[in-house]
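The entries below follow the structure as shown.

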Amino acid sequence: MIKQTKPHILIVDDDRQIRAMLARFLAEHSMRVTQAGDGEQMFKTLETGRFDVIVLDVMMPGDDGFTLCRKLRSTNTIPLILLTARNSETDRIVGLELGADDYVTKPFNPRELLARIRAILRRATANPAATERLASITYQFAGWTLDTSRRSLVSPQGILTDLTTGEFDLLVAFVEHPQRVLNRDQLLDLARGRVSLAFDRSIDVQVSRLRRKIETDPNAPALIKTVRNGGYFFTATVTAAAPVVSP
């Protein structure tokens, strides 16, 4: 029998009671939990541990969650959920712009956070056949090369371009459905997996971030076109190749 490894969650919050409560709750639902009280502890912990999801509080003394999210995304693509008392759409968009994968506002039901974590974990492990298929395909478009086995994107100039989990999933959705209008609901299904209470602007933010990485001029995009009242259209011709397997 193969022993399944419990998902490892890193909770970063300066409130010890909240950390302890979440640690107990998630442990009761078959997850391993490590706690950190601030950004310094978070980065030290990341040096020695492997984590599946980070739950990061925004309102903390010193570097707040937005600042830590920005620093983390410069070197790391671990799925990240922001946890905060701020409830405005602007703050949500800022968090997603910085590379967060999801956003939960306080006060919250721990079951909601659990559902968000599970949704992220499902996107990483769902449909083994699809995962195997992704792991065996390299896509090329407009001089770019997207290697799904390495989860890497190389520019026409041969430069490796970092992608967050959300950006990678969104780009895969586009290259698998080129020259076709995809509305926001379809992109949420294809790239995010219909996270509970996900809002349409999250897709707009991810598209904006992706454009800044693959478009020559993000303000006049040529690859990802906006279709008014429709969604988005990936204009490039895409070729896909599976690796050659020796007999």
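**Entry 1: the aromatic rings**

I looked up Phe141 and found it buried, at a relative accessible area of 1%. I call a residue buried under 20% relative accessible area, exposed over 50% and partly exposed in between, with a 1.4 Å probe and protein chains only. The model is predicted, so I note the limits: local features need pLDDT of at least 70, side-chain atom pairs count only at pLDDT 80 or more, and totals for chains, interfaces and linings use all residues. Residues are numbered from 1 along each chain as its sequence is written, and side-chain values use heavy atoms, with hydrogens and water left out.

How many aromatic pairs does the count come to? I get two aromatic pairs. The rule takes rings of Phe, Tyr and Trp (its six-membered ring) with centres within 6.5 Å; planes under 30 degrees apart are stacked, over 60 edge-to-face, and the rest tilted.

Phe141 and Phe234 make an edge-to-face pair, with 5.3 Å centre to centre and 70° between the planes. Phe141 is in strand S6 (residues 138-141) and Phe234 in strand S12 (residues 231-234), so this pair ties together parts that are 93 residues apart in sequence. I take helices (H or I, at least four residues) and strands (E, at least two) as DSSP runs, numbered from the N terminus. Phe234 is buried, with a relative accessible area of 0%.

Phe174 and Phe234 form a stacked pair, 5.6 Å centre to centre with 20° between the planes. Phe174 belongs to helix H7 and Phe234 to strand S12, so the pair ties together parts that are 60 residues apart in sequence. Phe174 is buried, at a relative accessible area of 1%. I record Phe141, Phe174 and Phe234 as one aromatic cluster.

**Entry 2: helix H7**

Next I checked the helix that carries Phe174. Helix H7 has twelve residues (165-176), which at 1.5 Å a residue should span 16 Å; its end C-alpha atoms are 17 Å apart, which agrees. The expected span is 1.5 Å times one less than the number of residues.

Is H7 mostly covered or mostly open? H7 is mostly covered, since I find eleven of its twelve residues buried. Among them are Thr165, Glu167, Asp169, Leu170 and Phe174.

**Entry 3: backbone exceptions**

Most residues other than glycine have a negative phi, and most peptide bonds are trans. I therefore listed the departures.

The peptide bond from Lys106 to Pro107 is cis, with omega near -10°. Pro107 sits in the loop between strand S5 (102-105) and helix H5 (110-125).

Ser30 is not a glycine, yet has a positive phi of about 65°. Ser30 is in the loop between helix H1 (16-28) and strand S2 (32-36), and at 46% relative accessibility counts as partly exposed.

Asn229, also not a glycine, has a positive phi of about 60°. Asn229 lies in the loop between strand S11 (224-227) and S12. Is Asn229 buried or exposed? At 81% relative accessibility, Asn229 counts as exposed.

**Entry 4: the chain as a whole**

I count nine helices and 13 strands in the chain. Of its 247 residues, 46% are buried. Among contacts (heavy atoms within 4.5 Å) between residues at least 6 apart in sequence, 58% join residues at least 24 apart. The chain exposes about 13100 Å², of which carbon and sulfur atoms supply 50%; the area comes from the Shrake-Rupley method with a 1.4 Å probe.
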